[in-house]
Amino acid sequence: MNTPDRDMSLQVPRQPKGWSSSLCSDEELLDDDDPALWQDEGLSNLQGSVYLPDSGRLSVAAKEDNSQLIAVIKMGWLDKNPPQGALYYQRRWVKLDVDYLRYFDNEKEVYSKGIISTAFITNVSCAGELKFEVVTNNRTFIFRAESEAERNDWVTVLQDCTRGRHPHSTTSFRSPLTPDYQGYLELRGLRSKLYTVVASDKVFLYKNMEDYRIGVGITSIEMNVGNVKDTDRRSFDLTTPYRIFSFIAESEQLREQWVDAMRDAIGEALSNREVAERIWAEPSNSLCADCGAPKPEWASINLCVVVCKRCAGEHRGLGPSISKVRSLKMDRKVWTEELIQLFLLMGNERVNSFWAAHIPPSEDLTPSSCSEKRRCFITNKYRQGKYRKYHPLYGNQGELNSALCINVQSSDVLETVRLIFCGADVNCSTGMASWPSPLSLANAHSQPLQAELISLNLNTELPRSVEGEAMEAVHYTAPPCVSHNGFLFKTASMARAVTERKAREEFSRRWCTLNDGTFSYYESDRNSNPNGALKASVIVCLAVDTPEKHGYEHTFELYSESERLYLFGTDDPDSHKEWVKSIAKNFIPATAEPLLRLPFERIGRLKCKDGLNLQTSKVGWFALVGSTLHAYLADSKGEEIHLRKLNELSIQQDNEVLVLVERGRTLYIEGERKLDFAGWCGAIQAAAGSGGDTLSQQQLTETDIPIIVHSCIDFITQCGIQSEGIYRKSGVNSRVAALCERFRHDARSICLREGVHQVDDVSNTLKRFFRELEEGLFTSEDANAWLSTAANQDESVKISQYQLLVKRLPRVNKATLQALINHLYCVQCFSELNQMNLHNLAIVFGPTLFQADGKDYTAGRTIEDLIQHYILIFEVDEQQLKKQLEVISFIINLRRKNNTMFPSTEPGGHFICTVYVEDGKDTAEQHVKIPGSMTAAELSCEVLDRRNITVKDKEYWSCWEVSDKEEMERPLHYQERVLPILHSFGTDSHLLIKKHIAMDAMIVYLASKVDASKHGMMKFREERSILGLGLSSGSFHDRYFILNSTSLRMYKEIRSNRPEREWPAKNLKVYLGIKKKLRPPTCWGLTVVYESKKQEKPEKQQWYLCCDTQSEMREWYATFLSIKYDGNVWPQDGLQQMRVSRALPDTRHGNVSLIPLRGSENEMRNSVAAFSQDPLALFRDVR
């Protein structure tokens, strides 16, 4: 009997035949839903995993030099019987080490098909002719050797290996591993999740948690050859020299935790614990000097403190001029014997007697402190020197220098720390010719620890005084001609912006020098003639790229007046920072010198106009830092432009003027040179967008309210405040998600319009924004204080406590809370129209704003208090509030007078259409009202609901556009609007809801590809002779096609250099099928329609493509679809999930029953009281 080529360990719906991946065990076969639909020999015979092309695997020679090798006790060929009891055996290469019995496809494989923990093996015994059994608590594995002697040898070795171990009980659920992180991850290309365990320096893959508990897995990955890289919102790649593991986490937050865990495993694999153990021998060094976290693995070698990983990240943010951060485990070469002895002598406790002498208890750090508090504390401690113990000589520079020269001759290094970081100059003159500096003086008096400390702080930026005055050693006041030299890696200069990632191979190593205001680069450090040079006067912009943007980790770009771009890179962050600082010092004038102190991402000069004088341009010097644009204009002091608070940001006059409109002022930045100006525009626009998921990172109004909140409140006030059940009713989930994403991308560009946007969609967008807000509106630190205040029975005390809590909120949180409560107060004032009184609003918004599950009314009671006592808590001007309510009343009366309908209840533009449903062999009609906003997925869900058709797993129901005349059809994309399709219909076309039987195979095919592209031969025919190709319109001709993300190109033959024709890929509409009267050579054809977007001369072409096989046709169609919709071919959670989210009401309020929309105030209050007394009444009343 023939054995299958590949085995899988992941259980999926089974069919008679299947395909599989080599990265799996022998548990079950992974089958396609219908192999006949998508026959692809390339997929079924993959030698790698289904998500990695063959080019991703190394040669045998490369594998032999393998860091994965473990001390193997025995290895050899054995036949293995699958657990499900099949009659055939599978030949496996088997290895035994002290921890695991592993089996592989062959001896060249690095990653096993299965592993059995020796700790779980309870018995090993012979079992018939040439066979032996390996027994665990739950499973029995049968192997067969080639000879009896070989079988007996395996049994003896296995018994010796497992003898003396205490078998693990299946009821204890204890694995011999000590996991650092564990959980389920989806492996791209496999339609199941794997239970993944990160333990020390390895990653283990199991079929499920039960297999992990019983010690039976798929494979393990040694992390000393691994690298982890983010790829998408929920995806990341674990890359090894042998394979790329593409994982998908369940959420973006979990993705970050998985990436951190795997990077820690890599660090553990590469680490050397010797230095760490020696440093920790000093007891105070075993706790972080800043937050007290145990076993800190990092140190600031010039500040003499040992810190944890989280604090080390903030130290790096200070820059190497303040804190030089090194790892205790990985930076082995840094840790000289003198440096280790220095840290043992000092210790965190002694050195903190200087750095942390005056820390207020309210500002002290703990291991659980948030990043923002940690950053503030470390900045205050080391950059500002806020908590240090001042030396008695502080402020007297001469005395400090003299004291330093005297002290370095002794062994008191702590005193040297006090002197240096209170202002003593480590480069001061000693007055002795033989030993001119403190460093030479320390060496002369045999004080190696003093010399080590001084040498580490020769260029350290000293703390500023508490009063904010600079120390005498003012920074960034170097001589006008800054000098610097060293090796950098350089690409060829370019005349256009860098839009693609530059690989390391595109860089060349160059010796670079910066002297006398000229930046030069040479072939090597031995050459005297430079390859090129840039004078500081011609450099107009310096851009610092984000790490890992190109092949080298740290890169920067130089722009010249001659419209050339120069890209340089290095892997050394300190060298990169020094080069950036030195070059910037050379071309930034003294008038804009403060810009150099900023951690800028882009710095340079631009022409601009502002104020009343718009005729004359003036030169300005600008630096972009985060979302703030710092500017020094001619004859003016520095100013800051907060880009996220701009009223308007636009590019005008053919992309030559960038307009920044803020309150009371408009700034016009002109594009004197296209190249650097385009870079500025892109950077400023990106910085002006939302920078994260916290309130402070949103685009804001002038009053510090996020634009999304302001826009939604304004729209609902004008269009929906009298809409019954506002905030209670759910919108369409897909539209809400799309609107949230648009606001997240650029809230400033969104204009909510009645008739275009629905009231319930907007209200749910506002709720979803607050529910998904990082740290929450009330902040995670104070949320419990808000909730506990609601329990206070004394109203006056309660109001006072609320007022204190409001004052403690960050500026943006406070402004946003007041704006929202003001809006909710106004909504409940019109509850006779919208039926949303105080209690209904509180129940809806309580769990939303506190991001709670809503199982009780605690959160709702807090929101009810804030709305009810809004005037007192926020100290509101009652006259202003009265005017606001009068304006709303006027709007309501005006809408009634004009009989204006609400877009949420009766949107305009409905169209009655007949839709056909194909279920099996039957076809039925369904008349549907189609609004302008309805998508194909929504139409499919509505028709299926009406027909009571259940959507099963792996069923891809789609809405199809069918043309009877052209004998072609195409599935509408699930996000495609239906109404425009109907308007373009002829009388011979209709809509059909049916299953897309090939969609599953198409998704699998696309998952196996690295990028969306395809090339190959197809038969081509045009509709008529309009292409000028000289082809007869009566027959098909062979042509070679290349399809990529931008275009479809057609060549006469495969060797042609120039395409006969080229079309923009996203402007093509592709249909399945070809008219029979054209006599296509095969039945596997595509009809392609091209419509140009030129308004002055619209053009429409139609032509036909024939493929040799059905499989080939579907590959081309899948690639067209993926390119047109940027890889978003099918809903990630499936149509069934969209159907649920559309059909069910908003359940995010938890289990709290909403008060009836109708009824008196007493009935509503009684409803709340009844729920408080008997919460189970909710469940007894379910109908």
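Is C712 buried or exposed? In this predicted model, C712 has a relative accessible area of 0%, and it therefore counts as buried, the cut-off being under 20%. C304 is likewise a buried residue, with a value of 2%.

The structure contains zero of them. For C712, the nearest cysteine sulfur belongs to C740 and lies 7.9 Å away. A disulfide requires two cysteine sulfur atoms within 2.5 Å, so C712 is in no disulfide.

Next come the helices. Helix α16 covers residues 707–719, and its axis comes within 11 Å of the axis of α21, crossing it at roughly 10°. Angles under 35 degrees count as roughly parallel, and α16 is therefore described as roughly parallel to α21. On the α16 side, the contact is made by V709, I713, I716 and T717. The α21 side contributes T816, A819, L820 and H823.

Helix α21, residues 811–829, also has a part in the largest nonpolar core. That core has 68 residues, and Y727 and W786 are the members that touch the most others. Helix α21 supplies the largest share of the core, 10 residues. In soluble globular proteins, nonpolar side chains tend to be buried together.

T460 sits in the loop that runs between α13 (448–456) and β19 (484–490). Although placed in a loop, T460 counts as buried because its relative accessibility is 7%, under the 20% limit. The side chain of T460 makes a polar contact, at 3.4 Å, with the side chain of N302.

R191 lies in another stretch of chain, the loop between β8 (181–187) and β9 (193–199). The relative accessibility of R191 is 23%, which falls between the 20% and 50% limits, so R191 counts as partly exposed. R191 and V1004 are 813 residues apart along the chain, yet their C-alpha atoms are separated by 9.0 Å.

Note on methods. Residues numbered from 1 in each chain as written. Predicted model: local features only at pLDDT ≥ 70, side-chain atom pairs only at ≥ 80, totals over all residues. Heavy atoms only, no water. Helix = DSSP H or I, 4+ residues; strand = E, 2+ residues; numbered from the N terminus. Buried < 20%, exposed > 50% of the residue type's maximum accessible area, 1.4 Å probe, protein only. Core = buried A, V, L, I, M, F, W, Y, C linked by side-chain atoms within 4.5 Å. Polar contact = N/O pair within 3.5 Å; in protein donor to acceptor, adjacent residues only side chain to side chain. Axes fitted to C-alpha atoms, helices over the stretch in contact; angles between N-to-C directions. Parallel < 35°, antiparallel > 145°, perpendicular 65-115°, else oblique. Contact = heavy atoms within 4.5 Å.
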